[in-house]
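Colleague: Hi! Could you walk me through this one while I have it open?

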Amino acid sequence: MAPQDEFLVAPLDSLPLDAPGARAMGRVSNDALRALYQTSDVFLLPTLEEGMALAPMEAAACGCAIVTTAASGVTDILEPDKSVWIVPPRDVKAIAVGEHP
């Protein structure tokens, strides 16, 4: 395993979640997931490759603003607008502020 891949398999409690209000949830039930979406302002999916944009669609259906990359496939279903921001992959600044490319 490459050193950068070790972060991907790190236990949730060891992840550097230092943003106020940020937390790693791990696996949750469908009801809990719906409640999380409904009480969240933003859904972030900074993916480099994604097969189907199911999670962003679920979050959008619950009223979340979406910040993701074009690699998520979300642009096949949701149109970028004031509640859907498509950011360049690996562009940490754009992801942090939700900039339109």
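**Around Cys64**

Modeller: Happy to. Let me start with Cys64, which touches Tyr37, Ser40, Asp41, Val42, Phe43, Ala59 and Ser83, leaving out residues up to four places away in sequence; a contact means heavy atoms within 4.5 Å. This is a predicted model, where local features need pLDDT of at least 70, side-chain atom pairs count only at pLDDT 80 or more, and totals for chains, interfaces and linings use all residues. Residues are numbered from 1 along each chain as its sequence is written, and side-chain values use heavy atoms, with hydrogens and water left out.

Colleague: Thanks! Which residues form the largest nonpolar core?

Modeller: Ten residues: Tyr37, Phe43, Leu45, Ala53, Ala59, Cys64, Ile66, Val74, Val84 and Ile86. Such a core is a set of buried Ala, Val, Leu, Ile, Met, Phe, Trp, Tyr and Cys residues joined through side-chain atoms within 4.5 Å. Buried means under 20% relative accessible area, exposed over 50%, partly exposed in between (1.4 Å probe, protein chains only).

Colleague: And which strands each supply at least two residues of this core?

Modeller: Strand 1 (42-45) and strand 3 (84-86). Strands are DSSP runs of E, at least two residues, and helices are runs of H or I, at least four, numbered from the N terminus.

Colleague: Which residues are on the covered face of strand 1?

Modeller: Phe43 and Leu45, while Val42 and Leu44 are on the uncovered one. In a regular strand, side chains alternate between the two faces of the sheet.

Colleague: New topic: is Leu54 buried or partly exposed?

Modeller: Leu54 is partly exposed, at 46% relative accessible area, and is found in helix 3 (residues 54-61).
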